[in-house]
Amino acid sequence: MKLKTLIVGAVTALAVASPALADLTFPNLTYRTGPYAVNGIPYADGYADYMTLLNERDGGIGGVNVNYIECETQYNTEKGVECYENTKGEGSLVYQPMSTGITYQLIPKATADGIPILSMGYGRTSAANGKVFSHVFNYPANYWVGASAVINHILDLNNGNIKGKKIALVYHNSAYGKEPIRTLQELEKKHGFKLSLLPVDHPGQEQKSQWLQIRRERPDYVTMWGWGVMNPTAIQEAANIRYPMENFIGVWWSGSEGDVLPAGDAAHGYKSLAMHNTGSDFPIYADLKKHVYDKGLAAGDGSSSGQVLYNRGLYAAMLATEAARLAQKMSGKADISPADMRDAMEAFSIDEGRMAALGLPNFAPSFSVSCENHGGPGLAAIQQWDAKAKKWSMVTDFLETDGEVINALIAEDSSAYAAENKITDRCG
Amino acid sequence: MPAEFYYGVEVFLNGLMAGVMYSLVALGFVLIFKASGIFNYAQGIMALFAAMTLVGFQEGQIPFAHLINAVFGTEVHHFGWTMPAFFAILFALGVMLLFAFLVEKLILKHLVNQEPIILFMATIGLAYFMEGFGDLMWGSNVKKLDIGIPQGGNFWIEENTAFLGGADFYGFYLDTLDIYATVIAAVLVTSLVLFSQYTKTGRALRAVADDHQAALSVGISLRSIWVIVWGIAGFVALVAGIMWGSKSGVQFSLSLIALKALPVLMLGGFTSIPGAIIGGLIIGVGEKMFEFLIGAPLLGGATENWFAYMLALVFLVFRPQGLFGEKIIERV
């Protein structure tokens with residue numbers, strides 16, 4: 001734990017303990033410690049720095065200060081639920097659990113409490129169906145979009161024909177890692193490839209068996225749903241068996257600097273999905289430097305600035321705070337409630353003009369949300385690692401995915417959830 | 001012979017190599033338990049801390065840079081030099097020896113004659129302290145560890161064994177890093193056994209392991225022995241940290257390799273150095289062969305973690321003290 005984080009935490013705790021202020025409270029369930037801290041820290045730093053930027057540069061949102069609360073989960077579901085219970089009374093506007101396991105647990109709780117969840121690129125995929133999941137949003141992309149984007153990329157590389165090709169999924173043996181399986185199985189039927197499934201147990205440091213199997217079976221492509229140490233280990237093992245890196249494609253949670261750097265030059269050419277652009281060549285970084293870094297207010301030591309997961313933290317915070325801005329506009333009051341926030345998230349839209357105004361031009365696709373569609377545009381891009389330059393580069397635009405397959409699966413899964421929980425179609 | 005048979009042999013060989021990696025971790029536990037009866041919960045963190053320290057020296061990282069910057073408003077991170085791996089290993093070893101001295105001075109000295117459970121609890125506290133201390137000292141970002149040991153499938157072995165199984169067999173895959181680990185583990189164990197059998201300190205160490213009171217009565221300094229044992233365990237942790245850190249980078253998860261050592265200890269016994277090696281090999285081969293023959297084709301895979309513990313439990317039923325552990329009879 002960094003001293004600065006401790007100080008920020010202590011100050012935050014004091015602020016929380018003070019008499020109620022008209023603040024907009026954004027809790028962040030982080031993991032700065034434990035086996036997944038390598039991924040959790042840059043994300044949390046990006047998220048926290050964006051909130052600090054809003055307070056320092058703009059005086060908050062609509063003139064109301066942002067009250068940012070961190071709660072440490074260690075990527076542990078039980079601790080995540082505790083964090084939710086401990087912070088929901090603070091007037092929390094939205095939860096971004098940063099864990100599929102925690103998201104699954106919070107869906108019924110947050111819905112009952114009337115607090116929205118934004119599980120950006122993770123969580124329960126079928127929550128994209130707003131007719132069933134009133135308080136859960138997973139825009140701008142979800143796992144099934146990711147699975148389809150991987151297959152579409154492989155289709156592009158093979159002139160649209162992958163019949164008979166062998167594709168292996170190496171996945172974290174958890175709720176998160178299992179999410180894409182159903183979609184890949186449907187796509188297997190549709191396109192005629194052969195899918196093999198290779199689970200890896202937590203934390204994923206030992207993968208010899210899986211990669212020996214890959215070496216034996218020689219799949220044409222390998223895709224990965226990994227997190228934490230599982231990612232660099234898999235990339236190193238792939239390099240060890242001399243698997244062609246350009247045929248190895250991870251999900252967006254398996255495509256950050258910490259995943260590829262330990263493998264050194266061997267990681268060159270590795271690909272992953274992307275839900276936003278990469279690098280620090282965006283105007284927002286000048287503002288961050290002026291209002292956050294140079295004032296000594298950065299959440300971390302600055303080493304993660306511009307990294308993939310730092311950018312994701314910025315993006316997550318931006319999407320949440322822009323929804324809060326819309327909620328102020330829709331409700332006509334500055335001090336909004338979680339219910340106002342939910343309504344705004346359902347009416348949310350963001351375009352290139354707005355993102356450019358926020359200092360993030362050409363950063364992520366434009367999209368809008370509706371009562372029926374809480375999942376966003378269903379777009380994903382591919383990025384590739386250049387080991388010599390030590391940077392990620394986008395190698396495709398944000399491309400369409402297989403809505404026909406994904407929407408049918410979303411309808412099926414959400415219908416089952418609705419029947420189980422006696423939920424009726426709320427969008428009429 | 002069909003290719004499948006040779007792939008089975010390949011899995012067996014890789015199981016042996018994996019077992020050696022587990023044994024490297026288990027050895028640290030055995031050394032401390034044997035000499036002091038303490039189950040050192042901090043052994044995994046010691047491996048992480050040793051590896052972080054090694055990388056820190058190699059890269060010329062300024063310790064506590066973030067703390068210094070936060071307090072003094074500076075922007076310092078590196079000294080501006082890099083250190084050759086050999087010297088970095090020596091310096092890291094020096095830090096681990098200093099660590100052993102401090103553990104004895106600040107913790108163990110005050111807990112002499114306490115119940116084993118108290119000492120165990122102390123090591124839990126030590127583990128959590130070191131986790132935070134290591135992060136504060138070297139940062140929590142993932143670090144690449146490279147001391148020049150090559151990685152990846154050994155070309156020579158692959159090419160010269162590919163003829164065995166026909167067109168569907170691609171030769172035996174053996175990771176060069178694992179081969180190095182095997183040689184290093186063999187040298188380490190031999191050195192430890194020779195040290196323990198043929199040196200004065202080694203004999204004193206065995207005397208303390210057999211009976212603290214009797215050892216004290218003949219003038220052996222318990223405190224010196226503890227410093228030596230924790231120092232050796234620190235060295236073993238450094239070796240384990242190097243081997244595991246080279247595979248997947250240096251980060252918090254490195255400390256979780258201790259989880260792989262527990263079934264090895266249950267099987268091999270907590271007091272036997274050869275037991276740690278044999279136990280590691282049995283666990284490594286057992287879990288890999290089970291995954292190959294039953295886990296992956298019939299159970300959907302990911303059986304290694306639980307199978308290792310199940311195998312150890314089966315052994316426990318028949319030999320509670322482990323294969324090579326001492327049977328302790330306490331009379332009321």
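**Figure 1. Helices α3(A) and α4(A) cross in a right-handed manner.** A crossing is right-handed if the near helix is turned clockwise from the far one by less than a right angle, and left-handed if anticlockwise. This is a predicted model, in which local features need pLDDT of at least 70 and side-chain atom pairs count only at pLDDT 80 or more, while totals for chains, interfaces and linings use all residues. Residues are numbered from 1 along each chain as its sequence is written, chains are lettered from A and ligands numbered from 1 in the order in which they are written, and side-chain values use heavy atoms, with hydrogens and water left out. Helix α4 of chain A covers residues 100–113, and its axis is 8 Å from that of α3(A), at an angle of about 25 degrees. Axes are lines fitted to C-alpha atoms, for helices over the stretch in contact, and angles run from 0 to 180 degrees between N-to-C directions. The two helices α3(A) and α4(A) are therefore roughly parallel (angles under 35 degrees count as roughly parallel, over 145 as roughly antiparallel, 65 to 115 as roughly perpendicular and the rest as oblique). Helices (H or I, at least four residues) and strands (E, at least two) are DSSP runs, numbered from the N terminus. Among the residues of α3(A) that meet α4(A) are Thr77(A), Val81(A) and Tyr84(A), and the α4(A) side includes Ile102(A), Leu106(A) and Lys109(A).

**Figure 2. Helix α5 (residues 143–157) and helix α15 (residues 403–420) of chain A have axes that come within 10 Å.** The axes of α5(A) and α15(A) cross at roughly 150 degrees, which makes α5(A) roughly antiparallel to α15(A). The crossing of this pair, α5(A) and α15(A), is right-handed. From α5(A), Trp144(A), Val145(A) and Ser148(A) meet Ile406(A), Leu409(A), Ile410(A) and Asp413(A) of α15(A) (contact means heavy atoms within 4.5 Å).

Figure 3. Pro140(A) sits in the loop between β4 (136–137) and α5 of chain A.

**Figure 4. Gln74(A) and Arg218(A) have positive phi although neither is a glycine.** Phi is about 55 degrees at Gln74(A), a residue in the loop between β2 (66–72) and α3 (77–87) of chain A. Gln74(A) is partly exposed, with a relative accessible area of 26% (buried means under 20% relative accessible area, exposed over 50%, partly exposed in between, with a 1.4 Å probe and protein chains only). At Arg218(A), phi is about 50 degrees. Arg218(A) belongs to the loop between α8 and β7 (221–225) of chain A and is partly exposed, at a relative accessible area of 41%.

**Figure 5. Asn247(A) is a loop residue between α9 (230–240) and β8 (248–250) of chain A.** Its relative accessibility is 18%, so Asn247(A) counts as buried. With neighbours within four places in sequence left aside, Asn247(A) is in contact with Asp220(A), Tyr221(A) and Val222(A).

**Figure 6. Chain A is divided into domain 1 (3–141 + 280–378 + 408–420) and domain 2 (143–277 + 380–403).** The bounds come from an automatic or database domain assignment. The C-alpha centres of domain 1 and domain 2 of chain A are 27 Å apart. Domain 1 of chain A gives 35 residues to the contact and domain 2 of chain A gives 31 residues.

**Figure 7. The largest nonpolar core has 92 residues.** A nonpolar core is a set of buried Ala, Val, Leu, Ile, Met, Phe, Trp, Tyr and Cys residues joined through side-chain atoms within 4.5 Å. Phe26(A) and Trp253(A) have the most contacts inside this core. Helix α12 (residues 308–331) of chain A supplies the largest share, twelve residues. At least three residues of this core come from each of domain 1 and domain 2 of chain A. Another core, apart from this one, has 88 residues, including Val30(B), Ala47(B), Leu48(B) and Leu256(B).

**Figure 8. Phe315(B) is part of helix α13 (residues 304–318) of chain B.** Phe315(B) counts as partly exposed, at 26% relative accessibility. Gly280(B) is 35 residues away along the chain, and its C-alpha atom is separated from that of Phe315(B) by 13 Å. Leaving out neighbours within four places in sequence, the contacts of Phe315(B) are Leu267(B), Ile282(B) and Leu323(B).
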